[in-house]
Structures are given as structure tokens and as C-alpha cells.
Amino acid sequence: MFGSLKTFFSKLVEDASLRNPSENKDCQRATAALLVRVATVATVDGEMSEARRGKLHAVLKSRFRLDDLNTDQLVNDGVAANRRAIDLYHFTRQLSDVLDDEGRRRIVRMMWEIIYVDGGVNEFEDNIIWRTADLLGVSSRQRIELRQGIAPDSATLAPVSFADAVKPTGR
């Protein structure tokens with residue numbers, strides 16, 4: 001009887017941590033790794049600008065309610081996880097398992113925030129956000145709406161083509 005009661009409470013605590021992804025360390029690390037990936041995708045040396053590093057720090061600190069020391073550690077963990085990763089799937093799978101629709105859209109919004117801190121968006125950055133959003137189940141329409149909400153000036157937005165609004169087949 002006590003064994004089943006212990007299992008019940010253990011499961012209850014586990015379910016609560018999944019409902020609150022801000023306390024889930026794997027979710028935090030996966031988010032940080034995706035944000036590091038988008039912050040460095042267009043650089044030759046894999047280093048991010050000071051502006052992006054500052055924005056990354058601010059976004060993670062705010063989203064997960066961390067202090068500076070824990071945020072620095074999370075950024076370092078994200079950098080290390082990103083370097084080890086061969087694709088986006090591992091991170092997006094972890095996040096999809098614990099986040100609801102709004103949580104997944106929030107990840108895409110954070111990615112746009114990181115990109116736009118330097119101004120415009122290049123094709124590599126746009127592509128990685130498109131692929132990540134697709135893997136997270138965020139529709140093209142939602143991704144574009146999030147981009148428009150973050151873009152400092154709508155004139156900096158590249159025109160949206162029909163191909164951008166249609167989900168490709170064979171994935």
C-alpha cells in the first residue's frame with residue numbers, strides 16, 4: 001500500500017514539473033541551446049555578438065526567473081549542448097513533450113527577439129527559425145505573426161512568399 005502511495009505522489013510531482021517547464025532543467029537547456037543556435041547560425045566562427053549574448057541572457061533570465069549566476073550557467077550549458085548537437089530535432093522533441101501550444105510559440109518568439117536585437121534577419125536565421133517552428137508544430141502563419149510582432153520596423157521584413165506559407169511535404 002505504501003509503495004503504491006509513494007508511486008502516486010512521485011508521479012504527481014513529476015507531472016507538476018512537466019506542467020511548469022520553467023522548473024524543468026531539460027526544457028531550460030533545450031531552450032537555451034535553440035536560442036544559442038539561432039544567435040550563432042550566420043557566424044563563421046560560431047560566436048555571437050555582444051548584443052545577442054546580452055539579449056540571450058535577458059530572455060533566459062526573464063523566462064525562467066533565474067539570477068545572473070544561474071542564467072550564465074544556463075547560457076554555458078546551451079552553448080555546450082548546441083556544439084554537441086547535430087540537428088534541431090533532439091531539442092524540439094524535448095520541448096514538444098513538455099510545452100503546450102503557447103509555450104512552443106513562446107520559444108519561436110524568443111528566437112525572433114534574439115535575431116532582431118542586431119537589426120535585420122538574413123536567410124540563414126530565417127531558415128533556422130522556420131525549421132524550428134515547423135518541428136515545434138508552430139504554423140507558418142503563427143511564425144510570421146510572431147515575427148511581425150517582434151520586428152522593429154515592418155519595412156525590415158522580407159516579403160512572405162507563397163512557399164513560406166505552405167508546409168513542405170516529405171518531412
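Q: How much accessible surface does the protein chain have, and what share of that surface belongs to carbon and sulfur atoms?
A: Accessible areas come from the Shrake-Rupley method with a 1.4 Å probe, and for residues only the protein chains shown count as cover. The accessible surface of the protein chain is about 10000 Å², and carbon and sulfur atoms account for 53% of that surface. The model is predicted: local features need pLDDT of at least 70, side-chain atom pairs count only at pLDDT 80 or more, and totals for chains, interfaces and linings use all residues. Residues are numbered from 1 along each chain as its sequence is written, and side-chain values use heavy atoms, with hydrogens and water left out.

Q: What percentage of the residues in the protein chain are buried?
A: A residue is buried under 20% relative accessible area, exposed over 50% and partly exposed in between (1.4 Å probe, protein chains only). By that rule, 38% of the 171 residues in the protein chain are buried.

Q: How many helices and strands make up the secondary structure?
A: Helices (H or I, at least four residues) and strands (E, at least two) are DSSP runs, numbered from the N terminus. This protein chain has nine helices and zero strands. Along the sequence the pattern reads α-α-α-α-α-α-α-α-α.

Q: What share of the contacts in the protein chain join residues at least 24 apart?
A: A contact means heavy atoms within 4.5 Å. Taking contacts between residues at least 6 apart in sequence, 68% join residues at least 24 apart. As a separate case of separation in sequence and space, Arg 83 and Arg 37 are 46 residues apart in sequence, while their C-alpha atoms are 8.7 Å apart. Arg 83 belongs to helix H4 and is exposed, at 63% relative accessible area.

Q: What span should helix H3 have, and how far apart are its end C-alpha atoms?
A: The expected span of a helix is 1.5 Å times one less than its number of residues. Helix H3 covers residues 50-64, which is 15 residues, so it should span 21 Å; its end C-alpha atoms are 21 Å apart, in agreement.

Q: Which residues of H3 are buried, and where do those buried residues fall when seen down the axis?
A: The buried residues of H3 are Arg 52, Leu 56, His 57, Val 59, Leu 60, Arg 63 and Phe 64. Viewed down the axis of H3, they fall within an arc of 170°, so they line one face of the helix. The arc is that of the directions from the helix axis to the C-beta atoms. On the face turned away from the buried side are the exposed residues Glu 50 and Ser 62.

Q: Which helices do the buried residues of H3 pack against?
A: They pack against helix H2 (25-40), helix H4 (68-84), helix H6 (101-116) and helix H7 (123-136).

Q: What follows H3?
A: Arg 65 follows H3, in the loop between H3 and H4. The phi of Arg 65 is near 55°, a positive value in a residue other than glycine. Arg 65 is also exposed, at 71% relative accessibility.

Q: How many salt bridges does the structure hold?
A: A salt bridge is a side-chain nitrogen of Lys or Arg within 4 Å of a carboxyl oxygen of Asp or Glu. The structure holds 11. One of them joins Arg 29 to Asp 26, with the closest N and O atoms 3.0 Å apart. These two residues are three apart in helix H2, about one helical turn. Arg 29 is partly exposed at 30% relative accessibility, and Asp 26 is partly exposed at 40%.

Q: Which residues form salt bridges with Glu 102?
A: Arg 105 forms one, with the closest N and O atoms 3.0 Å apart. Arg 105 and Glu 102 lie three residues apart in helix H6, about one turn. Arg 109 forms another with Glu 102, at 3.4 Å from N to O. Glu 102 is partly exposed at 29% relative accessibility, and Arg 109 is partly exposed at 25%. Elsewhere, Arg 52, Asp 118 and Glu 125 are linked in a network of salt bridges.

Q: How many aromatic pairs does a search of the whole structure find?
A: Rings of Phe, Tyr and Trp (its six-membered ring) pair if their centres lie within 6.5 Å; planes under 30 degrees apart count as stacked, over 60 as edge-to-face and the rest as tilted. The search finds one pair. The ring centres of Trp 112 and Tyr 116 are 6.1 Å apart and their planes are at 35°, so the pair is tilted. Both residues lie in helix H6, four residues apart, about one turn of the helix. Trp 112 is buried at 0% relative accessibility, and Tyr 116 is buried at 6%.
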